[in-house]
Amino acid sequence: MSRQTTEFVIYIINEVANARGLFPSRVYSVMDQTGCISEYLVPFYDVLHTMSSQSVVEDVIEYVNSRGGSL
């Protein structure tokens, strides 16, 4: 994973945490368990980083929830 992708993933974890009032470590854990990082954020970084933060946050929450996670 490139530095840019890593920074993007960290940024999104923090944005989701802020939006949901959760600790970033909790958000990371749920995102990791549901494959959100390895199967969504990293592979689609090229497209996702051009979208608004709010849109990506909403997409991440939907992705996680559709795979049995809870944010």
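Predicted model: local features only at pLDDT ≥ 70, side-chain atom pairs only at ≥ 80, totals over all residues.
A nonpolar core is here a set of buried Ala, Val, Leu, Ile, Met, Phe, Trp, Tyr and Cys residues joined through side-chain atoms within 4.5 Å, where buried means under 20% relative accessible area, exposed over 50% and partly exposed in between, with a 1.4 Å probe and protein chains only.

## Basis of the values

Residues are numbered from 1 along each chain as its sequence is written. Local features need pLDDT of at least 70 and side-chain atom pairs count only at pLDDT 80 or more, whereas totals for chains, interfaces and linings use all residues, and side-chain values use heavy atoms, with hydrogens and water left out.

## Overall fold

The chain contains five helices and zero strands, these being DSSP runs numbered from the N terminus (helices H or I, at least four residues; strands E, at least two). Its radius of gyration, taken over C-alpha atoms, is 11 Å, close to the 11 Å that the globule rule (2.2 Å times the number of residues to the power 0.38) gives for 71 residues, so the chain is as compact as a globular protein of that length.

The C-alpha trace spans about 25 × 20 × 20 Å along its principal axes, and 37% of the 71 residues count as buried. Among contacts between residues at least 6 apart in sequence, 62% join residues at least 24 apart.

## Helix H1 and threonine 5

Helix H1 (residues 3-20) has 18 residues, which at 1.5 Å a residue should span 26 Å, and its end C-alpha atoms are 26 Å apart, in agreement with that value; the expected span is 1.5 Å times one less than the number of residues. Its buried residues are Thr5, Phe8, Val9, Ile12, Ile13, Val16 and Ala17, and what covers them includes H2, H3, helix H4 (45-48) and helix H5 (53-66). Just after H1, glycine 21 takes a positive phi of about 70 degrees.

Threonine 5 counts as buried because its relative accessible area is 8%. Its side chain is joined to that of serine 2 by a polar contact of 2.9 Å, a polar contact being a pair of N or O atoms within 3.5 Å; within protein, one must be able to donate a hydrogen and the other to accept it, and residues adjacent in sequence count only if both atoms are side-chain atoms. Beyond its neighbours within four places in sequence, threonine 5 is in contact with Val42 and Tyr45.

In H2, Val27, Val30 and Met31 are buried. They cover an arc of only 100 degrees around the axis, which puts them on the same side of H2, the arc being that of the directions from the helix axis to the C-beta atoms. The face turned away from this buried side carries the exposed residues Ser25 and Gln33.

Threonine 34 lies in the loop between helix H2 (24-33) and helix H3 (36-41), and at 12% relative accessibility it counts as buried. A polar atom of its side chain lies 3.3 Å from the backbone oxygen of methionine 31, and threonine 34 touches Tyr63, Val64, Arg67 and Gly69, not counting residues up to four places away in sequence.

Notes:
Contact = heavy atoms within 4.5 Å.
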